[in-house]
Amino acid sequence: KYLKKSLANVRNGRLHPSYRQIGGPTGRMGCPDVTLQAIPGSLVDLHYHPPKGHTILIADLPAIEMRIASIIAEDEVLIECFRTGRCPHKMMASRITGIPESEIGKKSPERQKAKSANFGFLFGMGSKTFRENALADGVEFTKEEAIEFRRVFFEMYPGIELWHRDIGLQLRESTEKIYIKKYKKIEPAIRVRTISGRVMKAAGYCAALNYAVQGSGADMLKLATIKVGRELRAKALQTKIIHLVHDDIRLLCPDSEVEQVVGILNSCMGLVADQMMPKFSTLPEITRIPSK
């Protein structure tokens, strides 16, 4: 089904989706005809084939949702984690298993479990929903493990716990209600803000947490994209932005321009991130896909 929709939008050997500047309630961009923001992992290699003499660059802001949440919640533990260059997933894995962070690999099952827990509980999932979502992503938890990871998550990040409690209190005191068609029920609604001050209305506990974080990420990506585009034009480079995926920018770049463009990405994306999250430095992680 996904491939069929993709092929319907292929012209001259390339996929041409249409973009909506505000494709979702958080302000994220969307591709309504073919969802290129959610390419299945098994199909990623089918979508990226730079022509000879070119490289695709993918510039991704690392752990951006946790970074944003640390600022919104003023969680000093997470802020210090990012300030000192530690990995929150390794930190969580070490806390659970007792294995030193230095011995936990990036692809290790301990880190993968911790990563699932960090992102699941960050947005208000209960243990049961968390287990179901993690299993869909290929990470399995027992009922006891899920409960323990949730307990440790809030024990590690007291600022995040206070933020969650505050959102819950605001929702309980709210007099505004919204009917959620997807779930066929009425939810209390509150107004939440992105780091840049943009206001959104969110209905329900998980949405209120999610909107503030993902909305901030959307603001950050769009500002960074504008800066990168201006720099490419100012330097008369042939590199073109070909895709945006929530928190990363993807470009098709002549091999002769790769190093110059990497410098532009570090400068522009780092500057926007530092303006919105000044308590620590954030540079993009850049993946290179060369022509075959």
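In what follows, buried means under 20% relative accessible area, exposed means over 50%, and partly exposed lies in between, with a 1.4 Å probe and protein chains only. By that rule cysteine 81, at 1% relative accessibility, counts as buried.

Good morning. This is a predicted model, in which local features need a pLDDT of at least 70 and side-chain atom pairs count only at pLDDT 80 or more, while totals for chains, interfaces and linings use all residues. Residues are numbered from 1 along each chain as its sequence is written, and side-chain values use heavy atoms, with hydrogens and water left out.

I begin with confidence. The pLDDT, which is the predictor's confidence in each residue from 0 to 100, averages 90 over the protein chain, and 94% of the residues score at least 70. Helices (H or I, at least four residues) and strands (E, at least two) are DSSP runs numbered from the N terminus. Where pLDDT is low, the predicted coordinates should not be read in detail.

I turn to the cysteines. How many disulfides does a search of the whole structure find? With a disulfide taken as a pair of cysteine sulfur atoms within 2.5 Å, the search finds zero. For cysteine 81, the closest cysteine sulfur is that of cysteine 87, and the separation of 7.0 Å is too far for a bond. Cysteine 253 is buried, at 0% relative accessibility; its closest cysteine sulfur belongs to cysteine 268, at 14 Å, which is also too far for a bond.

Next, the interior. A nonpolar core is a set of buried Ala, Val, Leu, Ile, Met, Phe, Trp, Tyr and Cys residues joined through side-chain atoms within 4.5 Å. The largest has 71 residues, and Ile160, Trp163, Met220 and Met277 have the most contacts inside it. Helix 10, residues 205-234, gives the most to this core, with eleven residues. Another core, of seven residues, lies apart from it and includes Cys31, Leu36, Ile39 and Ile56. For contact (heavy atoms within 4.5 Å), I set aside neighbours within four places in sequence; tryptophan 163 then touches Ala69, Ile72, Ala73, Leu122, Leu209 and Val213.

Finally, the charged pairs. A salt bridge is a side-chain nitrogen of Lys or Arg within 4 Å of a carboxyl oxygen of Asp or Glu, and a search of the whole structure finds 16 of them. In one, arginine 86 pairs with glutamate 101, the closest N and O atoms being 2.3 Å apart. Arginine 86 is in the loop between helix 4 and helix 5, and glutamate 101 in the loop between helix 5 and helix 6, 15 residues apart. Arginine 86 is partly exposed at 39%, as is glutamate 101 at 21%.

Glutamate 155 forms a salt bridge with arginine 95, with closest N and O atoms 2.9 Å apart. Because glutamate 155 lies in helix 8 and arginine 95 in helix 5, the pair ties together parts that are 60 residues apart in sequence. Both residues also belong to a network of salt bridges that links Arg95, Glu148, Arg151 and Glu155.

In a further salt bridge, glutamate 176 meets lysine 201, the closest N and O atoms being 2.6 Å apart. Glutamate 176 lies in the loop between helix 9 and strand 4 and lysine 201 in strand 6, so this pair joins parts 25 residues apart in sequence.
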